[in-house]
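The stops below go from single residues to the whole chain.

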Amino acid sequence: MLGACRSSHKIVDSKRGEVSRTLGPMSASSPAPNGKRVLLANPRGYCAGVDRAVVTVEKALEKYGAPVYVRKEIVHNKHVVDTLRERGVIFVDETSEVPEGALVVFSAHGVSPAVHEEAAQRNLQTIDATCPLVTKVHKEVNRFARDDYDILLIGHEGHEEVEGTAGEAPDRVQLVDTPDDVDKVTVRDPSKVVWLSQTTLSVDETMERVGQLKERFPELADPPSDDICYATSNRQFAVKAMAAECDLVLVVGSENSSNSKRLVEVALQAGAKDAHLIDYASEVDEEWLRDVETVGVTSGASVPDVLVFELLDYLAERGWEDVQEVTTANEKITFALPRELRDEKIRSGVR
Ligand code: SF4
């Protein structure tokens, strides 16, 4: 089990602070009479960067009143975005859609300097909810660009985070997404090349891509520290720990959430017989449950735990009442709110 431990106590929903469900004992020694069980990954769900971004928007609503404009989805989760929209948030694709002088929040995925400049030209008030771990990658891009490196950014084409990061030094950054991209890269000096990455990639796939790049550029420099963030790698590690025992893994998360999609891929690669991404329990296809005994459940870093608990309720109604938590790490990281809102600290109410 890759060092995982299974709880045999109650799940305390740390987001809601209440006891939500009683866990069963270790299944290997005492399977449920019907053979059905749920393995519940821990860590799962909200990371520190998402929590900070959602609280930022909530505090902005409280402090400045609706409407609050947010450029792009504050985090990639349908439930979170719909809930905030109901509270008076207007999501826009570009700052040009925000009325002159109004308040706009930049999302957790980060923005390029060009977006900051455009906002300044239009006299927008801005609050930057970029995750500090994304900002760290932006700073790395700046540092290596200053030192005249070619920067190979491993990431998904079109993803907002990649656009923001590459925008720090567009003349120096080349995106590497697919294996074919590795062949297309051209560098000025093979002894001055570094790879950096998007924060929410598959750890294993990224290292494959790095291996391919190193075949072409043996002197390729590594990032000063991991760019794939703790939350992404912890959630992948937890799902790997249980995947081989699962007939089915259900990942709660949205289609546009990179880290959630990676959890489906990682589950399948680690031996799960089947895996699906769902926004809500109501999206489970009953066919997926046919002949299934063990269901693995996890969620992406932008997913509030209330959605996971709804899924557990759905499964319990169908005989999967035995829920065992598979714990591979305990996360204690938190980030301070953006300076404009720092005086008032609350936990996110989007649950
Ligand atoms: S997934 Fe990682 S980089 Fe993205 S918001 Fe969460 S902690 Fe930050």
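Select Cys47 first: leaving aside neighbours within four places in sequence, Cys47 is in contact with Ala231 and Ala301. Contact here means that the C-beta atoms of two residues, placed from the backbone, lie within 7 Å. The model is a predicted one, in which local features need pLDDT of at least 70 and side-chain atom pairs count only at pLDDT 80 or more, while totals for chains, interfaces and linings use all residues. Residues are numbered from 1 along each chain as its sequence is written.

Cys47 sits in the loop between strand E4 (37-42) and H1. Helices (H or I, at least four residues) and strands (E, at least two) are DSSP runs, numbered from the N terminus. Cys47 counts as buried because it has 29 C-beta neighbours inside 10 Å. The cut-offs, with C-beta atoms placed from the backbone, are 20 or more other C-beta atoms within 10 Å for buried, 12 or fewer for exposed, and partly exposed in between.

UniProt, in an unreviewed entry, lists Cys47, Cys131 and Cys229 under "binding site". They are spread over 183 residues of sequence but cluster in space, with a largest C-alpha distance of 10.4 Å. UniProt positions follow the numbering used here, feature names are shortened, and annotations may be inferred rather than shown by experiment.

Centre on Cys131, in the loop between strand E8 (125-128) and H4. Cys131 is buried, with 25 C-beta neighbours inside 10 Å. Not counting residues up to four places away in sequence, Cys131 touches Gly49, Ala53 and Ala108.

Now show the ligand. Which residues are closest to the ligand? Of the 15 residues that surround it, the closest are Cys47, Gly49, Cys131, Thr199 and Cys229. A residue belongs here if its C-beta atom, placed from the backbone, lies within 6 Å of the molecule. Colour helix H1 (48-64), helix H4 (132-146) and helix H8 (230-243): each supplies at least two residues of this shell. H1 gives the most, with three residues. By class, the shell has 10 nonpolar, five polar and no charged residues. Nonpolar covers Ala, Val, Leu, Ile, Met, Phe, Trp, Tyr, Cys and Pro; charged covers Asp, Glu, Lys and Arg; the others, Gly among them, are polar.

Pick His159, found in the loop between strand E9 (150-154) and helix H5 (160-166). Is His159 buried or partly exposed? His159 is partly exposed, because 19 other C-beta atoms lie within 10 Å. Beyond four places in sequence, His159 touches Gln198 and Ser258.

Move to Asn259 in helix H9 (residues 258-269). Asn259 counts as buried, with 28 C-beta neighbours inside 10 Å. Its contacts, not counting residues up to four places away in sequence, are Thr200, Thr232, Arg235, Gly300 and Ala301.

Thr200 is buried, with 30 other C-beta atoms within 10 Å. Thr200 and Ser257 are 57 residues apart in sequence and 8.9 Å apart in space, C-alpha to C-alpha.

Finally, zoom out. The chain has 10 helices and 15 strands. Of its 351 residues, 46% count as buried.
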